[in-house]
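Please read the points alongside the model.

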Amino acid sequence: MKSPVENLYVHVPFCTHLCPYCDFPKERLAGNRMREFLRGLQAEWAWAKEEFSLAPKRVFFGGGTPTALSPSLLQELFEIAPWGQAEEWTVEANPDGFGATKASLLREAGVTRLSLGVQAFRPADLTWLGRRHNRATIASAVADARHAGIPQLNLDLIYGLPDQGPSEWQATLEEACALRPDHISAYVITPEAGTELIRRIEQGEWHPDPHIESVLFLLTQRILESHQFTAYEISNFAQPGKECRHHQAIWSGEDYLGLGPGAVSTVAGRRWRNTRDTTQYARSAEVGPHPTHEEEEICGPQERRAERILLGLRTSEGLAEETLQGQEACLSELVAKGWGRRWQGKFLLTPRGRLRADAVAAMLI
Ligand code: SF4
């Protein structure tokens, strides 16, 4: 019997420019690469239809920057599969290069959520992050999305930046809330191996400050809750009923199929990651049966349990205590430290516990 798949992730690996902190699979828009990518995706989709019982309910187009493609290429991308039949279809975009034409194209195709990579508003923050947009382009992208009728809007933000104390971060959060998004994702800046950001750290130009990051993390919860957002995951905040269903499905351990260069899939206990190289991805998808995998691992019960703990602890739903059988002493210790609490058969992190989510997970795995 074919394995059923209800969650799809599509990785579009193109950006108009590359940000110094980013380690996602991506490349600068150039030449025929987008056509290569589209051919590869078409072939991979044909393979997926044969291999799985596909009934996509939640679709997420990430990147890269999916909306970096021209309107005609976006149209081709949208015609590859019936993405629009999903209940939720999110597309990531950057404020620069997103306008009324692309907003209408997305809405007409059936996109239900736009996730805008705002990251910051202060010019100094945007420059440091290597972003090319500004307050005016952010406001205009939001207005275009609203005018086109895209039902839900997420804003991505980053904190822990140079010279960013509580008042600067509070101003950023307030500015984001003033745009009335349905959802905010707020991530701490994370130095990833091989990025320009690591070079800056090695050269002593900047270094992360865990103390200020903790202060800003707690401030985020407080400010966003005062604007009626619920922290349904450590970095994700939603207005009532506006949680990202795709994220929730992945965090709860549902299978998902990732299409495109560098995309990861987990289906029926198997996990694989497509090659990150767009040319190799397209060639191998076209000659079939499937694009080259860079890694594949079997997800046994132990790995699945560890993942469930790691992801579940980060959510406001917490973990069912049956997942933590045999951990009585550890749970009592976590409660005594004020890092966790037990409620209706679940174990949940307190705000102080959320600051140490990875350490708590390590204790429980
Ligand atoms: S726009 Fe997004 S995906 Fe592209 S380089 Fe910047 S952070 Fe990475």
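Helices (H or I, at least four residues) and strands (E, at least two) are DSSP runs, numbered from the N terminus. Axes are lines fitted to C-alpha atoms, for helices over the stretch in contact, with angles from 0 to 180 degrees between N-to-C directions.

1. The model is predicted: local features need pLDDT of at least 70, side-chain atom pairs count only at pLDDT 80 or more, and totals for chains, interfaces and linings use all residues. Residues are numbered from 1 along each chain as its sequence is written.

2. Helix H6 (residues 166–178) packs against helix H8 (residues 210–226) at about 35°, the axes being 10 Å apart. On the H6 side, Pro166, Trp169, Gln170 and Leu173 meet Val215, Leu216, Leu219, Thr220, Ile223 and Leu224 of H8 (contact: C-beta atoms, placed from the backbone, within 7 Å).

3. Strands S12-S13-S14, in that order, form an open three-stranded sheet with antiparallel pairing (a pair needs at least two DSSP bridges). Strands S12 (264–267) and S14 (293–298) are at the edges with a single partner strand each, so one side of each lacks a neighbour in the sheet. Five bridges join S13 (residues 270–274) to S14; Arg271 has Glu297 as its bridge partner in S14.

4. The largest nonpolar core has 65 residues, of which Leu114, Leu116, Leu157 and Ile184 touch the most other members. Such a core is a set of buried Ala, Val, Leu, Ile, Met, Phe, Trp, Tyr and Cys residues joined through C-beta atoms within 7 Å, buried meaning 20 or more other C-beta atoms within 10 Å of the residue's own. A second, separate core of nine residues includes Leu334, Leu349, Val360 and Leu364.

Notes: Buried ≥ 20, exposed ≤ 12 C-beta atoms within 10 Å, placed from the backbone. Contact = placed C-beta atoms within 7 Å.
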